[in-house]
There are 2 protein chains.
Amino acid sequence: MQTLQVDLGTRSYPIYIGRGLLDDGALLARHIVGRQVAIVSNETVAPLYLQRLSAALADFKQTHIVLPDGEAHKNWETLQLIFDGLLQARHDRRTTVIALGGGVIGDMAGFAAACYQRGVNFIQVPTTLLSQVDSSVGGKTGINHPLGKNMIGAFYQPQAVLIDTASLATLPARELSAGLAEVIKYGLICDEPFLGWLETNIDALRQLDDAALSEAIERSCAAKARVVGADERESGIRATLNLGHTFGHAIETHMGYGVWLHGEAVGAGTVMALEMSRRLGWIAEAERDRGIRLLRRAGLPVVPPQEMTPEHFLEHMAVDKKVLDGQLRLVLLQRLGEAVVTADYPREALQATLTTDYAGLVDSLGDA
Amino acid sequence: MQTLQVDLGTRSYPIYIGRGLLDDGALLARHIVGRQVAIVSNETVAPLYLQRLSAALADFKQTHIVLPDGEAHKNWETLQLIFDGLLQARHDRRTTVIALGGGVIGDMAGFAAACYQRGVNFIQVPTTLLSQVDSSVGGKTGINHPLGKNMIGAFYQPQAVLIDTASLATLPARELSAGLAEVIKYGLICDEPFLGWLETNIDALRQLDDAALSEAIERSCAAKARVVGADERESGIRATLNLGHTFGHAIETHMGYGVWLHGEAVGAGTVMALEMSRRLGWIAEAERDRGIRLLRRAGLPVVPPQEMTPEHFLEHMAVDKKVLDGQLRLVLLQRLGEAVVTADYPREALQATLTTDYAGLVDSLGDA
């Protein structure tokens, strides 16, 4: 087992990474203060892992709350099911909410924990690659609003993150690829050598090689913990973790939550951020193409939806959380391995980015 | 103008108290960082004060969000109207939400500010006595759940609290009395001399004497600021501010939100807390009666609803936020001017408190 630490003063917490941690009740119990726990999962993950986690926590009074699966359910109505379950079973302020599932479950269970009786403890047990490398770490919780993704939420840190790498064995290939979008992101924004490692290991990762997965998760979590420790509430550098996300959120919102997986939208969105960085002369065409090739090899879509016009993008991006005083800030690359957040770019560069023929661009890369 | 300070480190903020502060745009502007503000009010208060506040903030881009009035609307559906208004007008993270109204508006606008884009600034402009002396100070925000009052919320501090005492001129007498329940509370829990002052000035307060109101508000806010500064997240002494509230919340939830005003339920609930403290031998009968007489002179109900059985109370109190590991903690008085929070009482004392004939008890006090 590897242990990383997210350093946030009194809100610091460990990230445990290892095979079979789901069954380690003693490890979990260290982070539970009361006698009650509520395990929040979904209809896909619960049949696979809920019984095992429940058995590991046999000493506690448990409530199980199983939600419908998918980003389309990351809304108030579903969140209310968590509150209903907690109140019906009379969970008090000393309860611990445990999120067992992917990013949607972690975001919703964490937000419910942040709001229930104005805040109770929670623990993240992420079971998808995306949630293990990104969303379970750093305390961003929330739900979607019909007008914008993650618009309602809280910064609320867990007591611990417990990553059982064995849980990836049951992950659909499409979801694995979606998780790789966030893994690749860390290479692009702050760890150029990691890009090289990923180019070597991308096939092993897609074949669920355990050593490769563990290393990718550790390096990703270490990067995330570093950035979050430096800027918990995203007043600066943390925003660089959103590379590709402003374009990606526009795709998710426009297509309908859940039609494109979050990681898929981030994949195509990252291609757009690479293209815009190239148009500004910050990265070379070969660097852009290096990024696109890696995303493609990860099994990700690298072309935004045909049906989306530049106007669609601009409309959705206008409510992005990185808009300040009416200025849309974008995460762009100054070079591979170094991202910046800036509103200081010519509007024409953005317009050109939105009108680029991505299908043609990707075709021209060939299969290499 | 008087200025008090709530000391919470980086989250410290001032409470301004004075006549006509609603028109002091410069004072407000000191606490606004961006160019956008959203004023959240209700259908009763908006016609009285929204235009004046809006004029004072003429330099800012404004959105006005007017909600239905009353505790019955302190729920998710109404909260959603705030998010809708913020998103439709494209408020970004630098926006400031301004709560103009009573406790329900402050709680909801504050919770919306806590959750919108994971947290934006907000300012409290309380217009009722109850919100001026209690709910606008200290950062408790939230909404009700059908199974329990204030069950969903956040600790989220405002940038400033601006109390225009002149706004009480339009407050219905019933609401003024409801506010006095919380004023009297401070005397009972931590300021015995204030009780004597209130006995002298209660009629002046009910007649809206400005000097008396200003002093009552200042002393109440000073007490609240002291307690909140010592225990922001209610791990200890802050819970004493809930004298009468556990019984009172049961009344509010059972009768249907809004049927009894919050302060009215606290009035009757405080009588129950006084009675239980006497049964434990902590206060004398004469002290209990002194408290009841003052609450009655404030125009408050001092007898719980006839239709509520002990079982009703126990059922609603079982989900109180002061329940820990199944133990219901109650705020009781060790003497007038000193409250404790304790789960260490004989169950029979609680049972006897719930079966007391309050109508008979109050009748026996006579009119003196």
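Contact here means heavy atoms within 4.5 Å. In this predicted model, chain A is divided into domain 1 (2-170) and domain 2 (174-365). By that criterion, 37 residues of domain 1 of chain A are in contact with 37 residues of domain 2 of chain A. The centres of the two domains, taken over C-alpha atoms, are separated by 26 Å.

The size of an interface is often given as the accessible area lost when the parts come together. Between domain 1 and domain 2 of chain A, about 3,000 Å² is buried. Carbon and sulfur atoms give 64% of this area.

Polar links also join the two domains. Between them, 15 residue pairs are in polar contact, both residues at pLDDT 80 or more. Six salt bridges are counted between domain 1 and domain 2 of chain A. Lys149(A) forms a salt bridge with Glu252(A), with the closest N and O atoms 3.2 Å apart.

On the side of domain 1 that touches domain 2, the elements giving two or more residues are β1 (2-6), β2, α5 (129-135), β7 (140-145) and β8 (148-155) of chain A. The largest share, six residues, comes from α5(A). The residues on this side divide into 17 nonpolar, 13 polar and seven charged.

Arg19(A) lies in the loop between β2 (13-18) and α1 (25-29) of chain A. Arg19(A) is exposed, with a relative accessible area of 56%. Beyond its neighbours within four places in sequence, Arg19(A) is in contact with Asp164(A), Thr165(A), Ala166(A) and Asp210(A). The side chains of Arg19(A) and Asp210(A) are joined by a polar contact of 3.0 Å. Ile163(A) is 144 residues from Arg19(A) along the chain, and their C-alpha atoms are separated by 8.1 Å.

Technical notes:
Residues numbered from 1 in each chain as written. Chains lettered and ligands numbered in written order. Predicted model: local features only at pLDDT ≥ 70, side-chain atom pairs only at ≥ 80, totals over all residues. Heavy atoms only, no water. Helix = DSSP H or I, 4+ residues; strand = E, 2+ residues; numbered from the N terminus. Buried < 20%, exposed > 50% of the residue type's maximum accessible area, 1.4 Å probe, protein only. Polar contact = N/O pair within 3.5 Å; in protein donor to acceptor, adjacent residues only side chain to side chain. Domains from an automatic or database assignment. Buried area = accessible area lost by both parts, 1.4 Å probe. Salt bridge = Lys/Arg side-chain N within 4 Å of Asp/Glu carboxyl O. Nonpolar A, V, L, I, M, F, W, Y, C, P; charged D, E, K, R; others polar.
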